[in-house]
Amino acid sequence: MLHCAPGRTDIALAANSGAYNAGIAAGAALGGLVLQLADVRGAFLVGGLLTFGACAVLLGGRLLPGAPQTCAAQRRCGCRHRAQRVSCPRRIGW
């Protein structure tokens, strides 16, 4: 987040924190709903299936060939990098 929003780090951190807390709230709400409709085993089963699905999406995004992923800072300078962890050569003066 901080690498892709170099000029607005405070907003990037606030958005990251808000998304994290919204995910916790959504998970708690879904867990409470499943717990009312099914027993404790059903809640664990749904949690496991959601975890498996999330892992499949993450691994699929990394393993499937596609367009290079660029962040906003890299798009502004015109660089194209395969991974967002790579620093932009134009921005740091390589």
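**Figure 1. Confidence along the predicted chain.** In this predicted model, confidence is lowest in helix α4 (residues 89-92), at a mean of 49, and highest in α1, at 90. The score is pLDDT, the predictor's confidence in each residue, from 0 to 100. Over residues 81-85 the pLDDT is below 50, yet this stretch has 20 contacts in the model beyond near neighbours in sequence. A contact means heavy atoms within 4.5 Å. Residues 89-94 also have pLDDT below 50, with 11 contacts beyond near neighbours in sequence. The chain mean is 76, and 68% of residues reach 70 or more. Because the model is predicted, local features need pLDDT of at least 70 and side-chain atom pairs count only at pLDDT 80 or more, while totals for chains, interfaces and linings use all residues. Residues are numbered from 1 along each chain as its sequence is written, and side-chain values use heavy atoms, with hydrogens and water left out.

**Figure 2. Helices of the chain.** The chain has 4 helices and 0 strands. Along the sequence the pattern reads α-α-α-α. Helices (H or I, at least four residues) and strands (E, at least two) are DSSP runs, numbered from the N terminus. Of the 94 residues, 12% are buried. Buried means under 20% relative accessible area, exposed over 50%, and partly exposed in between (1.4 Å probe, protein chains only). Among contacts between residues at least 6 apart in sequence, 26% join residues at least 24 apart.

**Figure 3. Packing of α1 on α2.** Helix α1 (residues 9-37) and helix α2 (residues 40-63) pack at about 140 degrees, with axes 8 Å apart. Axes are lines fitted to C-alpha atoms, for helices over the stretch in contact; angles run from 0 to 180 degrees between N-to-C directions. The pair is therefore oblique. Angles under 35 degrees count as roughly parallel, over 145 as roughly antiparallel, 65 to 115 as roughly perpendicular, and the rest as oblique. The crossing of α1 past α2 is right-handed: the near helix is turned clockwise from the far one by less than a right angle.

**Figure 4. Residues between α1 and α2.** From α1, Leu30, Val34 and Leu35 meet Val40, Gly42, Ala43, Val46 and Leu50 of α2. These contact residues divide into 7 nonpolar, 1 polar and no charged. Ala, Val, Leu, Ile, Met, Phe, Trp, Tyr, Cys and Pro count as nonpolar; Asp, Glu, Lys and Arg as charged; the others, Gly among them, as polar.

**Figure 5. Leucine 45.** Leucine 45 lies in helix α2. Its relative accessibility is 54%, so leucine 45 counts as exposed. Valine 34 is 11 residues away in sequence and 9.9 Å away in space, C-alpha to C-alpha.
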